[in-house]
Number of protein chains: 2
Amino acid sequence: MSDSQTGLPVFDFNHWTAHQLGRVEMALSSWVTADSPADLGHPMRYAVLDGGKRLRPLLVLAAAEAGQPADPVAALEAATRAACAVELIHAYSLVHDDMPCMDNDVLRRGKPTVHVQFGEAQALLAGDALQALAFELLVPEDGSMAAALSAQLCRQLALAAGVHGMAGGQAIDLASIGLRLTQTQLEQMHRLKTGALLQASVMMGAACGDVSAAGLAHLSTYGQHLGLAFQVVDDILDVVADTQTLGKTAGKDAEHDKPTFVSLMGLQAAQSYATVLLDKAHAALAASGLPRTHALHALADLVGGRTH
Amino acid sequence: MSDSQTGLPVFDFNHWTAHQLGRVEMALSSWVTADSPADLGHPMRYAVLDGGKRLRPLLVLAAAEAGQPADPVAALEAATRAACAVELIHAYSLVHDDMPCMDNDVLRRGKPTVHVQFGEAQALLAGDALQALAFELLVPEDGSMAAALSAQLCRQLALAAGVHGMAGGQAIDLASIGLRLTQTQLEQMHRLKTGALLQASVMMGAACGDVSAAGLAHLSTYGQHLGLAFQVVDDILDVVADTQTLGKTAGKDAEHDKPTFVSLMGLQAAQSYATVLLDKAHAALAASGLPRTHALHALADLVGGRTH
């Protein structure tokens, strides 16, 4: 199908998503192998495969498309590796986060959590091994990725996952239970806990796609607003959705007395805030002047409208 | 002091070690900062600083000296980063390994373990953040390391830490409690659990020091024998040393009904086996033809004679 005025093909997000998800699922399944010492690959695969919306991998692949790489085939291969790497970091964080000493949750993506299914020790080790595997994927053995890109992606991922990113955000989250946070404090927590990896997904994809420096600044703004909007919507869903729709235990923020955007601002103001943030994300894309941002726009819409 | 025949300075291992440890401790202290969200830096520093023999960092620095890098200053800087990176992986593995769902140990390096001191959730997150930091160190922000070296080190470290390295070895260890392993199975477990990271320490150092391909093959043999000897000696010490000397709970292998080289071979045969392995490590160094292997020889002696 093509646009009647421009003659260019119309962007079909459903088709794009199905295509990219096929690529990501196949890559994840081949890289997270069952063949492993003491069956450690089984909890790793259980944690990673057949579940999840794959928002982070889709952001990587969408951002890579916005660039103009000298070698598009190599760029897509690199972006696929980066997409899987961010998903492995996300998956490991869920495994550890669900453990009894953290959130103590038994249900994730509609299935028993990894420690319920395989025991705590296996869950701990599987999470640890998934983090290592994420970095391994970024440096292919066959030298098919430019070393400069591999090194840059490793650094971006390490920063997003570490003490000044996701792990630090989770530490704030733990320390905040039962406390009254200001909106600034709450946003700081989420900027680290979920925002850093979402933002890194965009920037790692952009690096794979050779996005220009000017474009990178706008994509960074996009990633920042999108990351925060994601969390605001997450807090809203925890209140309005039921456990079956979510695939994880609903209402647990309130039950755990966790500060959320809804508890801080009220439901309606939180919904308006999510809209404002997503508008800013769209505006950053428009201002970037980058050619192919259809998928990034559509992913922002997806974050706004997601039902789980 | 110089050798009366050659006129070259005599290698003084104690002086070398003191010098290198000073470098490593300073680097670790500056890179693992207390300045962090929700004080997560505190358990991280507690896990890493003021303790440990630093065998892995010393192996990195010793192996780097065996090469002939074009830029010795840059090589030393890279080796220092690699030395700290392997130590962070080692430190995080101890934190997670000590947790109640794994070995449930309360004493490490003569101090309460991290989860005893800071709680399980902080221990879990601190370990996770230390792993990420290890990779961050390998890609300096200022671009002071060649990207090809950064990428290579990231891959070596990821492989050594992951499912086909340390994490996989720990999974075998857990699965082996109460089982009778053959010597081959026991060696496979240790090759992954401790051997992979010790071997990677040697090979990462060699990469920093630009050791020739021919030299690398011999260093790999050295690392393999040294890694296994380390574990045989560890099993011996668990039987013959007391808790105070070890700085960790002695006799726990037997208590946990874990297979060891001593339980498999008997004490005397295990001691002979350690000697054989270390002789092979020395022989590999001699065969390498590399110029500066004094420190690597001395580290093999240290492994053989260590009292804790």
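**Entry 1: helix 6 of chain A.** I am working with a predicted model, and I began with helix 6 of chain A, residues 120-137. I wanted to know whether its length fits its residue count, so I took 1.5 Å a residue, which gives 26 Å for the 18 residues. The end C-alpha atoms are 26 Å apart, so expectation and model agree. Then I looked at burial: 17 of the 18 residues are buried, so helix 6 of chain A is largely enclosed by the rest of the structure.

**Entry 2: chain A as a whole.** Next I stepped back and counted 15 helices and 2 strands in chain A. Its radius of gyration is 19 Å, close to the 19 Å that the globule rule gives for 308 residues, so chain A is as compact as a globular protein of that length. Along the principal axes, the C-alpha atoms of chain A fill a box of roughly 55 × 50 × 35 Å. I also noted that 54% of the 308 residues of chain A count as buried. How many of the contacts in chain A between residues at least 6 apart in sequence join residues at least 24 apart? I find 73%.

**Entry 3: how the two chains are related.** I superposed chain B on chain A: a rotation of 180 degrees with 0.0 Å of shift along its axis does it, at an RMSD of 0.0 Å. That is the relation of a two-fold axis. Which residue of chain B comes closest to the rotation axis? I wrote down B:Ala151, with its C-alpha at 2.5 Å.

**Entry 4: the contact between the chains.** I count 43 residues from chain B and 42 residues from chain A in the contact. On the side of chain B that touches chain A, the elements giving two or more residues are helix 2 (41-48), helix 6 (120-137), helix 7 (147-161) and helix 8 (166-176) of chain B. Helix 6 of chain B gives the largest share, 11 residues. Sorting that side of chain B by class, I get 30 nonpolar, 9 polar and 4 charged residues.

**Entry 5: the nonpolar core.** A reminder to myself: in soluble globular proteins, nonpolar side chains tend to be buried together. The largest nonpolar core here has 204 residues, and A:Leu157 and B:Leu157 have the most contacts inside it. I followed up A:Leu157 and set aside its neighbours within four places in sequence. What remains in contact with A:Leu157 is A:Ala85, A:Val86, A:Ile89, A:Ala134, A:Phe135, A:Leu138, A:Ala200 and A:Met204.

**Entry 6: A:Gly169.** I found A:Gly169 in helix 8 (residues 166-176) of chain A. Is A:Gly169 buried or exposed? It counts as buried, because it has 26 C-beta neighbours inside 10 Å and the cut-off is 20 or more. Not counting residues up to four places away in sequence, A:Gly169 touches A:Met189, A:His190, A:Leu192, A:Lys193, A:Ala196 and, from chain B, B:Pro37. I also looked up A:Thr194, which is 25 residues from A:Gly169 along the chain; their C-alpha atoms are separated by 7.6 Å.

**Entry 7: A:Ala283.** This residue lies in helix 14 (residues 267-288) of chain A. With 14 C-beta neighbours inside 10 Å, A:Ala283 counts as partly exposed. A:Ala283 and A:Glu77 are 206 residues apart in sequence, and I get 29 Å between their C-alpha atoms.

**Entry 8: two positive phi values in chain B.** B:Arg54 is not a glycine, yet its phi is positive, about 60 degrees. I place B:Arg54 in the loop between helix 2 and helix 3 of chain B, and it is buried, with 21 other C-beta atoms within 10 Å. B:Asn104 also has a positive phi, near 50 degrees. Its place is in the loop between helix 4 (72-98) and strand 1 (107-108) of chain B. B:Asn104 counts as partly exposed, with 13 C-beta neighbours inside 10 Å.

**Entry 9: helix 15 of chain B.** I finished with residues 294-305 of chain B, the 12 residues of helix 15. At 1.5 Å a residue they should span 16 Å, and the end C-alpha atoms are 17 Å apart, which agrees. The buried residues of this helix are B:Ala295, B:Leu296, B:Leu299, B:Ala300, B:Val303 and B:Gly304. Their cover includes helix 1 (13-31), helix 3 (55-65), helix 10 (213-240) and helix 14 (267-288) of chain B.

Conventions
Residues are numbered from 1 along each chain as its sequence is written. Chains are lettered from A and ligands numbered from 1 in the order in which they are written. This is a predicted model: local features need pLDDT of at least 70, side-chain atom pairs count only at pLDDT 80 or more; totals for chains, interfaces and linings use all residues. Helices (H or I, at least four residues) and strands (E, at least two) are DSSP runs, numbered from the N terminus. The expected span of a helix is 1.5 Å times one less than its number of residues. A residue is buried if 20 or more other C-beta atoms lie within 10 Å of its own, exposed if 12 or fewer, and partly exposed in between; C-beta atoms are placed from the backbone. Two residues are in contact if their C-beta atoms, placed from the backbone, lie within 7 Å. Ala, Val, Leu, Ile, Met, Phe, Trp, Tyr, Cys and Pro count as nonpolar, Asp, Glu, Lys and Arg as charged, and the others, Gly among them, as polar. A nonpolar core is a set of buried Ala, Val, Leu, Ile, Met, Phe, Trp, Tyr and Cys residues joined through C-beta atoms within 7 Å. Copies are superposed by least squares on the C-alpha atoms of residues with pLDDT of at least 70 in both. The radius of gyration is taken over C-alpha atoms; the globule rule is 2.2 Å times the number of residues to the power 0.38.
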